[in-house]
Structure formats: C-alpha cells, structure tokens
Amino acid sequence: MTQLALVIDLNVCVGCHACVTSCKEWNTSGSAGFMTDENPYGKDPTGTFFNRVQTYEIGEFPNTETLHFPKSCLHCEDPPCVPVCPTGASYKRESDGIVLVDYDKCIGCRYCSWACPYGVREIDETQKVMKKCTLCVDRIYDQSLPESERKPACVLACPTSARLFGDVHDSESDVSAVIREEGGYQLMPEWGTKPANHYLPRRKTRMRIHEDELQRADNPLNKEQRGPRGPIDAPTLDDSTSW
Amino acid sequence: MHPAFSVIFLTTLIGVGQGVFLALFTGQSYSALELLPIQDSMRFYGNGAIIALVFLIGGLVASFFHLGRPERAWRAATQWRTSWLSREVIALPILMFFVFVYGAMQRFGWDQTLFTNTAGVTLQLSLVVATLGMLATFALFICTGMIYACLKFLQEWYTPLTVINYTLLGTASGFVLVTAFASYSAPELMRFYGIWSTIIIVGAFFTRAASLFRNNRIKAKSTLQTALGVRHNKIQQKSMGFMGGSVNTRDFFHHASLMFMKRMKWIFLVLVFPVPIILLWLGMSNNSTSILLAAFIVQYLGLIAERWFFFAQANHPQNLYYQTI
C-alpha cells in the first residue's frame with residue numbers, strides 16, 4: 001500500500017512562509033477553483049489557506065529557542081474527518097492514501113472540520129465547500145511536468161529543503177529513512193489518528209569534549225620517557241627559536 | 001466551539017417536536033389501557049400531531065441555514081453506515097412521516113380498531129403508528145446526541161450524558177408544551193402531563209448537572225506539547241501565521257468572556273429547570289393556559305441558552321494552534 005505524505009524537518013525550517021504562498025498560488029490557480037480571499041487589502045482580511053507556518057517560543061528568556069512550525073493536512077491513516085461526512089464528499093484514496101474532498105458533493109455542513117483535531121480543514125466562504133490540502137494531487141501525477149517537478153508546490157518552494165515528500169509505507173524511501181533515523185514523530189498521537197505526515201524534531205549538534213581528550217593521556221612518548229617535559233603552557237621550541 | 005444559531009434552533013426545535021409526539025404517545029397508550037379518559041382524537045391527538053410536525057419542520061428549516069450548499073442536502077442521506085449526521089438526516093423525515101400519518105389518521109378519523117380483548121382493552125391502528133413514531137423519536141434523539149458524543153477529542157461532548165441530555169431536555173420541553181395544550185383542549189389530562197413534565201424536568205436537571213460537574217473536571221488530553229511534539233513545559237505561541245481571521249479563529253471559539261459564559265450557565269439553569277416547574281404548578285392550580293404556555297416559552301428560551309452553553313463549553317484541540325495573532 002502506498003501512503004504519500006510530507007516529512008517536515010523542524011530543525012531546518014526558517015519560517016519564511018514560502019510554502020504557504022506557493023501552496024496558495026498553485027491551488028488558487030487550479031482547475032478545482034480559486035481559494036477565496038475576502039478583503040485582501042481592506043479591513044479584516046480573511047481567506048482560505050491549506051498551509052500555515054506558525055511560530056512558537058520554547059523556554060524562558062534567556063534560554064529560549066524559536067520554533068517555526070508548518071501545519072497542513074496530515075493525511076491521517078485513520079482520518080476522523082472521513083467517516084463523519086454525511087455525503088461521502090470527504091474520502092481517503094485507496095491508491096495513495098491522500099485525503100480529499102469532492103467539491104461537487106460537499107454540502108458545507110462543517111462537520112468534518114469539527115472532527116479534525118488539527119484544524120486543517122477550512123470552509124471556502126465563496127464556494128461554500130470544505131477545502132483542505134490535496135498534497136497537490138493535480139501536480140504530482142502530471143505527466144506533462146518533468147519528473148523532478150512532480151512534487152507538491154510547498155516542497156518545491158522550500159528554500160532549505162525542510163519539506164520532504166514520499167511514500168511513508170515504503171521502508172526504502174527517503175522519507176521512511178529520515179523518520180526512522182532522525183526521530184520522526186506524529187502530532188497528537190493521543191487520538192489514534194495515525195497522521196501520515198511526520199515531523200523531524202529540532203536536533204542540536206553538540207561537541208562533547210572529555211577532559212582526558214584535552215591532554216593526550218596515552219601519548220606513547222610518555223611511555224618512553226621522552227615525552228614533553230615541563231608544564232604544558234611552557235614555551236615550545238617554536239616560541240623560543242627565531243628562525 | 002462557536003455556537004451556530006442554526007444548530008441551536010435545529011436541536012431545540014426538533015427536541016420540542018419529538019417531546020410533543022412522545023407526550024401524545026404516552027397519553028394514548030395510557031388511555032388504551034384505560035388509565036386515562038379517552039380523548040376526542042381530532043381535537044387533541046390530531047392537533048397535537050400538527051404542533052409536533054410544525055416544530056419538526058421548523059427544526060428542519062433551521063438546519064438548512066447551517067449548510068453552505070443546501071441544494072445538495074439530499075446527498076447527506078448516503079453515508080448512514082458511518083456518519084451519525086447522515087443517520088439523523090434519515091431519522092428526521094421518517095419521524096415526520098409517522099407524525100404526519102398519525103396526525104392524519106386522528107384528524108380525519110381514519111383510525112381502526114385492530115382488536116379488543118375480553119377485558120375491553122382495544123388496540124387502535126393509530127397506536128401502532130404512534131409506537132413506530134415513538135421508536136423513530138428515540139432513534140432521532142440518539143442520532144442527534146451522537147453527532148456530538150462521537151467526537152472523541154471534544155471531551156466535553158464525548159459522554160453518554162450528551163445523548164441523555166438531548167433526550168430528556170427535548171422530551172421535557174415537549175411535555176410542558178402539551179401540558180399547556182391539554183389545559184386548553186383536554187383539561188382532564190392537564191395534571192397527568194403536568195406531573196410527567198415535572199418528573200422529566202427533575203430528571204433532566206440531574207443529568208445536565210452531572211454533565212456540568214463532569215465537564216468542570218475534565219483534564220485536556222491534548223496539550224501544546226503533544227500538538228507540537230516538543231517536550232518542554234514552557235511553550236508560548238508567538239504567531240499563528242496570519243493576522244487576518246480565518247475559519248480556524250471563527251468556528252472553534254465562542255469569543256465570549258468568562259463572565260458571559262458563567263452568566264449563560266446560570267440563566268439556563270434557572271430558566272430550564274425551576275422556573276418552568278413553578279409556572280407549571282401555578283398554571284395547573286389556576287387552570288390557566290397562558291401561565292402554562294409561559295412555562296413552555298420560558299423553558300424554550302432557557303434551552304436556547306443551554307444549547308449555546310453546550311457548544312461554547314466544548315474546547316476543540318485545534319485552538320491550541322490559534323492562541324495569538
């Protein structure tokens with residue numbers, strides 16, 4: 001079985017919102033219809049987005065760290081939004097695990113958005129149907145695009161490659177490998193929704209220096225009594241000799 | 001959650017309609033067993049069924065205001081295997097059909113005696129229809145309640161008390177309305193309905209109070225830590241990613257002050273339970289239809305506040321992601 005998904009590396013994300021704007025641009029130009037913007041330049045602007053980047057501060061000053069957190073539909077393997085839909089407009093594709101909304105069947109009752117704990121479904125106030133991330137389903141299978149571009153718009157836009165795209169059920173895939181090796185995790189695991197999208201945690205690269213590493217304890221010259229004599233900060237030959 | 005008035009009116013209006021029909025069914029089954037005087041079918045059961053139908057239709061109309069695309073509403077009947085909302089969409093017309101048939105049988109005298117036993121107890125065809133309607137009524141109460149009670153991460157709703165409260169509160173409001181109706185068209189049944197109304201209101205008070213008690217002590221399963229997957233006790237949102245509003249900021253929070261929430265709670269606790277009981281007994285002792293009708297109206301207003309509070313109290317975990325602009 002295939003389960004396409006995104007893996008988002010929080011260690012790399014710089015919070016530039018390029019994925020947000022490219023997502024909006026691709027999806028508002030698609031055949032499924034535009035994504036509403038109301039009063040984009042006026043008072044109280046509002047609109048439909050599939051993807052957001054949020055920012056959090058972890059810790060207390062001065063020991064703080066900034067977390068940029070992109071959030072879009074997680075394409076759950078057990079999506080709570082699908083069974084509650086009264087019309088069958090909300091469905092999960094058998095072939096690749098993408099959760100989609102059939103805009104021609106949706107009655108705009110908002111029940112699926114209540115049933116999503118992550119808040120990633122947004123009703124389009126003009127078309128009056130529920131919309132959500134499609135994982136760029138109109139792009140990833142498009143044979144007219146070069147193969148390197150058959151990826152979601154957000155993945156292509158990311159300047160730091162914080163977004164990876166692939167089949168998380170294929171254990172040989174890149175995304176499975178990073179989930180396995182870099183500590184990939186799911187959001188709100190307590191609800192058993194099994195999100196397909198994974199996040200890679202922030203990872204610190206620290207140098208661990210042990211004291212005995214500062215001075216070479218097993219210097220073989222010491223064994224032969226020909227080791228450096230005197231204190232370690234004594235001037236060396238280089239310091240005292242004028243060449 | 002943001003309390004949508006279409007849903008508030010839908011649930012309260014069909015609750016009244018269902019309650020009225022249950023009251024008619026109760027009255028007719030008592031009189032079939034000769035525990036109550038038999039009523040003129042046209043004036044009491046026939047008109048009573050019309051009242052029930054009017055409220056059910058009112059609820060149905062209100063529900064359409066909740067839909068973005070009401071012209072496709074018929075599609076909502078297709079996913080009854082998995083969706084409680086779909087089941088409700090099926091149960092409501094079935095109930096309306098039975099209420100309509102029952103009302104027509106009573107009003108136009110199409111009723112028939114199916115059999116009479118040696119003790120003289122008769123079984124009317126209308127009572128059979130009413131029994132089917134009674135089953136449909138309970139099915140509808142279960143569907144309506146389960147729409148909310150099946151969402152496990154809305155912890156305030158995820159309890160059998162949700163279904164029980166919908167059932168008892170709807171039934172109570174219907175019985176109070178039928179008490180007022182009986183004082184006008186069948187005075188000898190007034191006390192019967194008044195006493196039943198009181199019993200149901202008291203029962204509903206205990207179950208609603210139980211759910212308030214439970215919800216005050218809920219420990220949220222989702223936290224900012226599980227929402228982000230970051231293990232740190234101090235996490236603060238600095239930006240939700242946009243400065244304008246969105247569905248996420250509008251649909252999932254009531255935007256009312258804590259004071260307003262508290263006030264709504266006390267308003268509904270007073271208007272739904274003690275005031276209608278006092279007015280019921282005042283109305284019954286004075287034999288006054290208008291006081292009994294006032295009991296219904298006061299309770300209905302209270303139920304609107306109750307439903308508002310029911311929605312507003314539910315705390316959706318998605319709000320964790322939308323704490324600051």
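The model is predicted: local features need pLDDT of at least 70, side-chain atom pairs count only at pLDDT 80 or more, and totals for chains, interfaces and linings use all residues. Residues are numbered from 1 along each chain as its sequence is written, chains are lettered from A and ligands numbered from 1 in the order in which they are written, and side-chain values use heavy atoms, with hydrogens and water left out.

**Interface of chain B and chain A**

- Chain B puts 60 residues in contact with 51 residues of chain A; contact means heavy atoms within 4.5 Å.
- The area buried between the two chains is about 4600 Å². Carbon and sulfur atoms give 58% of that area. Buried area is the accessible area (1.4 Å probe) that two parts lose on being put together, summed over both.
- On the chain B side, Phe153(B), Leu228(B) and Tyr321(B) lose the most area to chain A. Together they account for 13% of what that side buries.
- The rule finds 38 residue pairs in polar contact across the interface, both residues being at pLDDT 80 or more. A polar contact is a pair of N or O atoms within 3.5 Å; within protein, one must be able to donate a hydrogen and the other to accept it, and residues adjacent in sequence count only if both atoms are side-chain atoms.
- Five elements of chain B each supply at least two residues of the side that touches chain A: helix H3 (84–107), helix H4 (125–149), helix H7 (224–228), strand E3 (235–239) and helix H8 (247–250). Helices (H or I, at least four residues) and strands (E, at least two) are DSSP runs, numbered from the N terminus.
- E3(B) gives the most to this side, with 5 residues.
- By class, the side of chain B that touches chain A has 28 nonpolar, 23 polar and 9 charged residues. Ala, Val, Leu, Ile, Met, Phe, Trp, Tyr, Cys and Pro count as nonpolar, Asp, Glu, Lys and Arg as charged, and the others, Gly among them, as polar.

**Strand pairing across the chains**

- Strand E4 (residues 51–58) of chain A runs antiparallel to E3(B), and 4 bridges join them. Two strands pair if DSSP finds at least two bridges between them.
- Ile58(A) stands opposite Ile235(B) in E3(B).

**Salt bridges**

- Over all chains, the structure holds 17 salt bridges. A salt bridge is a side-chain nitrogen of Lys or Arg within 4 Å of a carboxyl oxygen of Asp or Glu.
- The count between chain B and chain A is 4.
- Lys238(B) and Glu57(A) form a salt bridge, 3.9 Å from N to O. Lys238(B) lies in strand E3 of chain B and Glu57(A) in strand E4 of chain A, so the pair joins two chains. Lys238(B) is partly exposed at 43% relative accessibility; Glu57(A) is partly exposed at 23%. Buried means under 20% relative accessible area, exposed over 50%, and partly exposed in between (1.4 Å probe, protein chains only).
- Glu122(A) and Arg52(A) meet in a salt bridge at 3.8 Å, N to O. Glu122(A) lies in strand E8 (residues 122–123) and Arg52(A) in strand E4, both of chain A, so the pair ties together parts that are 70 residues apart in sequence. Glu122(A) is buried at 2% relative accessibility, and Arg52(A) is buried at 4%.
- Glu65(A) and Arg202(A) meet in a salt bridge at 2.5 Å, N to O. Glu65(A) lies in strand E5 (residues 65–72) of chain A and Arg202(A) in the loop between strand E11 (198–200) and helix H6 (211–214) of chain A, so the pair ties together parts that are 137 residues apart in sequence. Glu65(A) is partly exposed at 23% relative accessibility; Arg202(A) is partly exposed at 32%.
- A network of salt bridges links Asp9(A), Glu182(A) and Arg203(A).

**Single residues**

- Asn197(A) lies in the loop between helix H5 (174–181) and E11 of chain A. Asn197(A) is buried at 1% relative accessibility. The side chain of Asn197(A) reaches the backbone oxygen of Cys73(A) at 3.2 Å. Residues touching Asn197(A) include Ala5(A), Ser72(A), His75(A) and Tyr185(A).
- Asn27(A) sits in helix H1 (residues 18–28) of chain A and is buried at 10% relative accessibility. Among the residues it touches are Gly33(A), Met35(A) and Phe50(A).
- Ile164(B) is found in helix H5 (residues 160–185) of chain B and is partly exposed at 37% relative accessible area.

Key
Lists of a residue's contacts leave out its neighbours within four places in sequence.
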